Each structure stands twice: as structure tokens, then as C-alpha cells.
Amino acid sequence: MADESLFEFLHMEIVSHIFNEQQSSKGEMDNKDRAACISLLEAMGFRVGQGLIERLTRDTPSFKDELDIMKFICKDFWTKVFRRQVDNLRTNHQGTYVLQDNKFALLTQFSSGKQYLDQAPKYLAFSCGVVRGALSNLGLESVVTAEVSIMPSCKFQVVIQKL
């Protein structure tokens with residue numbers, strides 16, 4: 001329980017620090033500055049995801065296919081990182097997956113409803129990077145985006161890039 005709280009606090013402080021540093025150096029933030037902050041958070045998450053998946057798959061047999069990898073991400077990986085499984089996994093069987101988490105750990109500290117929806121993307125960027133980094137280390141290049149319609153429910157869309 002304490003680890004969970006510490007991680008949530010650290011995550012909030014990292015996001016706050018990156019955005020405050022960008023804002024103080026430029027004064028007013030525009031969309032380009034926000035995008036740069038989100039990109040930095042996503043890159044940090046990418047590296048964390050790569051390291052975590054290495055550790056978690058050390059004793060795991062190789063995966064049969066893309067869907068097998070996504071099931072591992074939704075069950076085992078999500079449980080280790082966010083303390084619960086994904087609530088729903090959907091796919092179009094053409095490389096697009098939607099992972100729905102109805103009580104996403106990094107959004108639960110916000111009140112339910114729509115008042116903080118505009119703040120959600122900056123708190124999801126790190127997590128998108130974590131998922132993208134994990135998939136990258138498993139051999140799947142992807143684009144991971146997140147959307148929130150009501151707090152703390154979140155949908156992550158994973159689009160696998162075909163080479």
C-alpha cells in the first residue's frame with residue numbers, strides 16, 4: 001500500500017516539475033510547449049516500460065503472436081505496474097487494441113466527473129510511454145494514446161505499426 005502511494009506521489013511531482021519548469025522558463029505555455037512536456041514524460045515512461053518488461057518476461061516462454069503479447073500486457077504486466085488487471089481488452093484483429101481501465105491508478109486521486117478532464121493527458125503520458133516501451137522490447141512497435149471521458153476511467157488505444 002505504501003509503495004503505491006509513493007509511486008503516485010512521485011508521478012504527480014514529476015509531471016508537476018516538468019510542466020512548471022517549462023512554464024517558468026517561457027512564461028506562458030502554448031500547445032507546442034505542452035506537447036514537448038508530454039513527449040518528455042512519454043519518453044521517460046518508454047524507458048521504464050522497457051526495463052520492467054525485461055524483468056517480468058525473464059522466465060516467461062516466448063509469445064505465439066501479437067494477441068498473446070497483448071493479453072500478457074493486460075493481465076500480468078498491468079497487474080505489476082498498476083496493481084490491477086485491465087477491465088476490458090478489445091481488438092479489430094488488424095493491429096488496433098483498446099485497453100479499458102475503469103479505475104486507472106494514476107487518475108484515482110482526482111475527483112470523479114469532468115472538472116479535471118483537461119489535466120488528464122499530462123498524467124497519462126508517462127503510462128502511454130510505459131506500455132509503448134514494454135511492447136517495443138517484445139518486438140512490437142506501436143503508437144499508444146489514452147483518452148478519458150470520465151475520471152478515473154481511461155481507455156488506452158494501442159496501434160501496432162506494421163513494418
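Buried means under 20% relative accessible area, exposed over 50%, and partly exposed in between, using a 1.4 Å probe and protein chains only. Keep that scale at hand for this tour.

This is a predicted model, in which local features need pLDDT of at least 70, side-chain atom pairs count only at pLDDT 80 or more, and totals for chains, interfaces and linings use all residues. Residues are numbered from 1 along each chain as its sequence is written, and side-chain values use heavy atoms, with hydrogens and water left out.

**Stop 1: F63 and F72.** The structure holds 6 aromatic pairs. Rings of Phe, Tyr and Trp (its six-membered ring) pair if their centres lie within 6.5 Å; planes under 30 degrees apart are stacked, over 60 edge-to-face, the rest tilted. Select F63 and F72. Their pair is tilted, at 5.1 Å centre to centre and 55° between the planes. F63 is partly exposed at 23% relative accessible area. F72 is buried at 9%.

**Stop 2: W78 and F82.** Select both. This pair is tilted too: 4.8 Å between centres, 55° between planes. W78 and F82 lie 4 residues apart in helix α3 (residues 66-82), so about one helical turn separates them. Helices here are DSSP runs (H or I, at least four residues), numbered from the N terminus. W78 is buried at 0% relative accessible area. F82 is buried as well, at 4%.

**Stop 3: the cluster.** With W78 and F82 they form one aromatic cluster.

**Stop 4: K122 and F19.** The charged end of K122 sits over the F19 ring, 4.8 Å from its centre. The cut-offs: NZ of Lys or CZ of Arg within 6 Å of the ring centre and within 35 degrees of the ring normal.

Note on methods
Helix = DSSP H or I, 4+ residues; strand = E, 2+ residues; numbered from the N terminus.
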